[in-house]
Amino acid sequence: MSITVEESACTKPLRPEFTRTSRRLLESARSVLGWKERGHLDPRDEAVRRSILVQFPKLGRAPVRKEMMEALDLPEAELDASLRRLQVLDLLYLDTGTNEILVAYPFSTKLTPHVISFFGSADTKPVFAQCAVDALGIP
């Protein structure tokens with residue numbers, strides 16, 4: 001037995017359509033997992049984020065605010081505003097008392113079982129990843 005498909009049925013490209021159910025499930029996942037819409041970062045926030053991610057393995061820890069201000073030539077108020085925006089977007093977490101970085105995904109300042117070493121790169125130190133999935137995503 002053979003099945004034939006009308007040629008006219010195959011001429012339209014298939015496109016995923018959001019249904020009410022898929023939208024509801026996505027919103028539920030965002031809520032449960034804490035996902036937020038990120039959009040595009042402005043150039044200053046992107047520069048701060050990239051600087052943090054580059055400095056973390058070089059220092060073996062999160063850069064402190066003073067180091068970031070010097071590296072990026074930013075006044076304290078501008079750096080703090082950028083860090084707060086990055087936290088709102090769930091790209092990092094700040095200590096509520098000191099405003100220093102606790103987590104800058106995928107890196108953690110807290111000891112975890114997920115130690116990342118950058119072999120072949122003499123100017124880096126081991127760092128901790130938040131979780132195994134984050135560790136797998138680090139090149």
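**Close-up views of a predicted model**

**View 1. Aspartate 80 lies in helix α4.** Helices are DSSP runs of H or I with at least four residues, strands are runs of E with at least two, and both are numbered from the N terminus. The model is predicted: local features need pLDDT of at least 70, side-chain atom pairs count only at pLDDT 80 or more, and totals for chains, interfaces and linings use all residues. Residues are numbered from 1 along each chain as its sequence is written, and side-chain values use heavy atoms, without hydrogens and water. Aspartate 80 has a relative accessible area of 11%, so it counts as buried (under 20% relative accessible area; 1.4 Å probe, protein chains only). Leaving aside neighbours within four places in sequence, aspartate 80 contacts Arg65 and Asn99 (contact: heavy atoms within 4.5 Å).

**View 2. Helix α2 covers residues 43–59.** Its 17 residues reach 24 Å from first C-alpha to last, close to the 24 Å expected at 1.5 Å a residue. The expected span is 1.5 Å times one less than the number of residues. At the start of α2, a side-chain oxygen of aspartate 42 comes to within 3.0 Å of the backbone nitrogen of arginine 44. Glycine 60 follows α2, with a positive phi near 75°.

**View 3. The buried residues of α2 include Val48, Ile52 and Phe56.** Asp45 and Glu46 are also among them. The buried residues of α2 pack against α3 (65–72), α4 (76–88), β1, β2, β3 and β5 (127–129).

**View 4. Five strands form an open antiparallel sheet.** The order is β1-β2-β3-β5-β4. Strands pair if DSSP finds at least two bridges between them. Edge strands β1 (92–94) and β4 (115–116) each pair on one side only. Alanine 104 stands opposite phenylalanine 107 in β3.

Technical notes: Buried means under 20% relative accessible area, exposed over 50%, partly exposed in between (1.4 Å probe, protein chains only). A polar contact is a pair of N or O atoms within 3.5 Å; within protein, one must be able to donate a hydrogen and the other to accept it, and residues adjacent in sequence count only if both atoms are side-chain atoms.
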